[in-house]
Each structure stands twice: as structure tokens, then as C-alpha cells.
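I opened this notebook to record what I looked up in one model. The entries are kept in the order in which I made them.

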Amino acid sequence: MTTTITDRLQELQQRFLAGLERRTNDLTTTLNGSADPESLMRMFHSLVGIGGTYGFPGITDLGRSCEALCASAIDERRSISSAEKERLRRAVVEIRAVSPQ
């Protein structure tokens, strides 16, 4: 049986979705813990790239805005505020909702 490009993409999408729960759990754990802006920025950056590659533009858009928020905190040499943490938490919930699991 020959695997087509479409079949392979669907396999990769399913693998991404299977790992998305772990990724969003890691984001939540970090937000509830140290809320280190550099760690969070890397996590959201990963979602930006992978979401776009596998055809989930909603995840890419949400990840990009979160990545920018974290980058601002890093550039300003400050921690993430409580209001920003809440915004990032809501984005994580939206990321989970965007994924068609």
C-alpha cells in the first residue's frame, strides 16, 4: 500500500494533536509556577511553527500573540504580570479549543 502525501500529512497532524495536550499542560504548569517569560516564549514559538506547518492557523495566531507578549516582558527585563498570565492562560484554553480533537 502506498502512502500518499495527504496520508502522511494527516498522520503528522494526528501526532501533533496527540502531543498538544502535553504541550498545553506544560504551558499551564509553567504559568502556574515560575512563569519564566523565556521558557514560555520558547513554548509558544514552538506552537507557532508546528501549528502553521500542520495546517492549524488558529493555533499559530494564538501562539504568535502569546510569543509577542513574552518577548515584550523579556525586552523590558521584567516578569510577566498577573494580567498577562491570565491572558496567556486564556490563550492556552483557546488553543485547546481550536484543535479538532
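**Entry 1. Basis.** I note that this is a predicted model, in which local features need pLDDT of at least 70 and side-chain atom pairs count only at pLDDT 80 or more, while totals for chains, interfaces and linings use all residues. Residues are numbered from 1 along each chain as its sequence is written, and side-chain values use heavy atoms, with hydrogens and water left out.

**Entry 2. Whole chain.** I looked up the secondary structure and found four helices and zero strands in the protein chain. Helices (H or I, at least four residues) and strands (E, at least two) are DSSP runs, numbered from the N terminus. The pattern along the sequence reads α-α-α-α. I recorded the span of the C-alpha trace along its principal axes as about 55 × 20 × 15 Å. Of the 101 residues in the protein chain, 34% are buried. For accessibility I use these classes: buried is under 20% relative accessible area, exposed is over 50%, and partly exposed is in between (1.4 Å probe, protein chains only). Among contacts with a separation of 6 or more, 62% join residues 24 or more positions apart; contact means heavy atoms within 4.5 Å.

**Entry 3. Helices α2 and α3.** Two packed helices are described by the angle between their axes and the distance between the axes. I took the axes as lines fitted to C-alpha atoms, for helices over the stretch in contact, with angles from 0 to 180 degrees between N-to-C directions. For α2 (residues 37-53) and α3 (residues 57-75), the angle is about 155 degrees and the axes are 8 Å apart. The two helices are therefore roughly antiparallel to each other. On this scale, angles under 35 degrees count as roughly parallel, over 145 as roughly antiparallel, 65 to 115 as roughly perpendicular and the rest as oblique. The crossing of α2 past α3 is left-handed, a term that applies if the near helix is turned anticlockwise from the far one by less than a right angle; clockwise would be right-handed. I listed the residues that meet: on the α2 side they include L40, M41, F44, L47 and V48, and on the α3 side they include I59, T60, G63, C66 and C70. By class, the residues of this contact divide into 13 nonpolar, five polar and three charged. Here Ala, Val, Leu, Ile, Met, Phe, Trp, Tyr, Cys and Pro count as nonpolar, Asp, Glu, Lys and Arg as charged, and the others, Gly among them, as polar.

**Entry 4. T60.** I then turned to T60, which is found in α3. Its relative accessibility is 8%, so T60 counts as buried. Leaving out residues up to four places away in sequence, T60 touches L47, V48, G51 and G52. A polar atom of the T60 side chain lies 2.7 Å from the backbone nitrogen of G52.

**Entry 5. Helices α3 and α4.** I looked up the next pair: the axes of α3 and α4 (residues 82-98) come within 9 Å and cross at roughly 165 degrees. These helices are therefore also roughly antiparallel to each other. The contact is made by G58, I59, L62, C66, L69 and C70 of α3 and E84, R87, L88, A91, E94, I95 and V98 of α4. Its residues divide into nine nonpolar, one polar and three charged. α3 passes α4 in a left-handed crossing.

**Entry 6. V92.** Which residues does V92 contact, apart from its neighbours within four places in sequence? I found T24, L27, T28, L31 and F44. V92 is placed in α4 and counts as buried, at 1% relative accessibility.

**Entry 7. Loops.** Most residues other than glycine have a negative phi, and most peptide bonds are trans. A35 lies in the loop between α1 (5-32) and α2, and at 3% relative accessibility A35 is buried. R77 likewise has a positive phi, of about 55 degrees, although R77 is not a glycine. R77 is in the loop between α3 and α4 and is exposed, with a relative accessible area of 80%. S81 is found in the loop between α3 and α4 and is partly exposed, at 30%.

Terms used: A polar contact is a pair of N or O atoms within 3.5 Å; within protein, one must be able to donate a hydrogen and the other to accept it, and residues adjacent in sequence count only if both atoms are side-chain atoms.
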